[in-house]
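Please walk me through this protein model, from its sheets to its pockets.

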Amino acid sequence: MSPPTFVRCDRSPAWAALRQHFDSTGRQLDLRRAFGNEPQRFERWSLQAPQVFADLSKNLIDEVTVAHLIALAHETGVLARRDAMFAGAEINSTEGRAVLHTALRAPKGAATPFNAEVHGVLDAMLAYAESVRGRVRAGEISDVLNIGIGGSDLGPAMATIALQAHALPGLRSHYVSNVDGHDITPVLAALDPRKTLVIVASKTFTTQETMANAAIARQWFLAGSGLGEAGIARHFAATTTNVSAAAAFGIATTFGFWDWVGGRYSLMSAIGLPVAVAIGESNFRALLAGAHAMDRHFAEAEPAGNLPLLLGLIDVWYRNFHGFTSRSVAPYHQGLRRLPAYLQQLEMESNGKCVDEAGEPLPFGTSPVVWGEPGTNGQHAYFQMLHQGTDVVPVEFILVKHPDHPHADLHTKLLANGLAQSQALMLGKSAAEALAEKAPTASATLDRQVLAAHRSFPGNRPSTTLVLDRLDPASLGALIAMYEHRVFTSAAVWGINAFDQWGVELGKALCNALLPRLASGDTSGLDASTAGLLRQLTS
């Protein structure tokens, strides 16, 4: 099946209509007036998707905006591309590959591509995970160390932290990714090699950073375990398709995946092995089920009620019409503290492209910068800029209704903070309101009008609030899939390939060329800056 053809967004009638709408009235939308004029605005712009409730009402949208955005989705082939992805078309055009991370979570027997192969690997991987959990209960294993980078680290690390409340007691999980020895050294120093399982996560078993760290872990194990080479087979496993290279390393247990699984979309493949060990088979299957439910929602819901589609279209509206260049993610749950980093890779590696699928330069912006910290920490770090800075940054709040701890008062305070921040971004504070207030910490000699200027907030700053009932495997799976399909939507509108990452390659190639020069000090043929820095580092 061939991927569908497309009309690039800036050449579509809907894009022109959006531009006209933005220039005439769209840029002037004021959320405070909108809520005053529309008593049902919250009900109109909120929806329940699988496991995720979304309040979109504090976004700079109205009926006309969304109607034009949905028309844009039709004209740029978003829905046709979506259907082609689910069907297994080679929509990763630059690498000639299908994109089937959704097939990883389809139930056994579903009419999806590679279903039997997927479940064969899944069943074997989960059986192995359960055997490791048995070794933990028996006191044989206390720690699992995953060595990977990028999608082989960010996704599993994020999920393991998020689902800590569902993890096996007595098991400690560790993630090492950076080739900087300051990452792996303190981790290994705290572990007992005789009670550690090391998972090497690399599709090709050649990833430079991963294999360098794996070699260090291998040396550490041989030096400290007393089990010799034979112990590698019992204390190391690999998630890789390069079985022969893993065997040469001494690893006997491997679980593979396919070239239609991109690294940043691989959490629910065999790359999820450390997550499965931590949370167990039933919880891992619940993670898959939550993602699959969101997959079906994206595939089947009408555009006006399709959460990932609407979020992706709003992203286009903000990036290309309002000119907002970044988005802040503020999860008000400590378990989601690694979610912003995970989403950075998912969105910025997918959509950080400057040419369309035909190789033509794009005259408009693509991926925003995605960044954030968990609440309430972020409030005491960068929220000052969100509220009073010169740039408007849409904010995404993630709230969880029920906590996994007994401290109800703390959770109430957490939720109140999340609600207050989104309210403050929308309402702001006028200079007149600031004048009417007393500010105990303000200078007594400062002119009141000047003080009011410092204490006023422009408001009308957009935000989305996502609410999970609980942070559990099913809701996390749905949340991840929602973000994946949202990124797909904006990429499809822009006419770019979200599933390659050629921008990663150049630095790798130059690094390999520079490695011997750092040993020899040879600077011949280098640009002046690189040559000067190399001399500084080697002298």
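The paragraphs below take the sheets, then the pockets, then some local details.

This is a predicted model. Start with the open sheet of six strands. Its order is E1-E2-E11-E10-E8-E9, and the pairing is mixed. E1 and E9 stand at the edges, each with a single partner strand, so one side of each has no neighbour in the sheet. From one strand to the next, the twist averages 20°.

Now follow the pairings from the E1 end. Strand E1 covers residues 46-49, and strand E2 covers residues 52-55. The two run antiparallel and are joined by four bridges. Alanine 49 has valine 52 in E2 as its bridge partner. The hairpin of E1 and E2 has two residues between the strands. There, glutamine 51 takes a positive phi near 70°.

E2 also pairs with strand E11, residues 463-470. This pairing is antiparallel, over three bridges. Next comes strand E10, residues 395-402, which pairs with E11 in the parallel sense over seven bridges. Within E11, arginine 470 is the bridge partner of histidine 402.

Helices pack on this sheet. H20 touches E2, E8, E10 and E11. The direction of H20 makes about 150° with that of E11. H15 lies across strand E8 (326-332), E9 and E10. Relative to E9, H15 runs at about 165°.

Turn to the other open sheet. Five strands form it, in the order E4-E3-E5-E6-E7, and the pairing is parallel. Strand E4 (172-176) and strand E7 (254-255) are at the edges. Each has a single partner strand, so one side of each is left without a neighbour in the sheet. Strand E3, residues 143-147, pairs with E4 in the parallel sense over five bridges. Aspartate 143 stands opposite arginine 172 in E4. Helix H8 (residues 181-189) packs on the sheet and touches E3 and E4. The direction of H8 makes about 155° with that of E4. Helix H10 (residues 228-235) lies across strand E5 (196-201) and strand E6 (236-239). It runs at about 50° to E6.

Next, the pockets. The largest pocket holds about 1000 Å³ of space. Its lining has 40 residues. Thr207, Gly263, Gln501, Glu505 and Lys508 lie nearest the centre. Which elements give two or more residues to this lining? They are helix H9 (208-225), helix H15 (339-351) and helix H21 (505-520). H21 gives the largest share, five residues. By class, the lining divides into 13 nonpolar, 17 polar and 10 charged residues.

The second largest pocket has a volume of about 340 Å³. It is lined by 20 residues. The closest to its centre are His333, Gln334, Gly335, His405 and Leu414. Helix H7 (154-162) and helix H17 (408-427) are the elements that give two or more residues to this lining. H17 supplies the largest share, three residues. The lining has eight nonpolar, 10 polar and two charged residues.

The structure holds 20 aromatic pairs. One of them joins phenylalanine 298 and phenylalanine 488. A pair of aromatic rings is described by the distance of the centres and the angle of the planes. For phenylalanine 298 and phenylalanine 488, the values are 6.0 Å centre to centre and 80° between the planes. The pair is edge-to-face. It links distant parts of the chain, 190 residues apart. Phenylalanine 298 is in helix H13 (residues 281-300), and phenylalanine 488 is in helix H20 (residues 473-494).

Finally, look at the backbone in two loops. A cis peptide bond joins glycine 375 and threonine 376, with omega about 10°. Threonine 376 sits in the loop between strand E9 (369-371) and helix H16 (383-388). Phenylalanine 114 has a phi near 60°, a positive value in a residue other than glycine. Its place is the loop between helix H5 (78-87) and helix H6 (115-137).

Conventions
Residues numbered from 1 in each chain as written. Predicted model: local features only at pLDDT ≥ 70, side-chain atom pairs only at ≥ 80, totals over all residues. Heavy atoms only, no water. Pairing = 2+ DSSP bridges. Contact = heavy atoms within 4.5 Å. Axes fitted to C-alpha atoms, helices over the stretch in contact; angles between N-to-C directions. 1 Å grid on protein atoms, 1.4 Å probe; cavity = no way out; pocket = protein on both sides within 12 Å on 5 of 7 lines; lining within 4 Å. Points joined across faces, edges and corners; volume = space filled by probe spheres on them. Nonpolar A, V, L, I, M, F, W, Y, C, P; charged D, E, K, R; others polar. Phe/Tyr/Trp six-rings, centres within 6.5 Å; stacked < 30°, edge-to-face > 60°.
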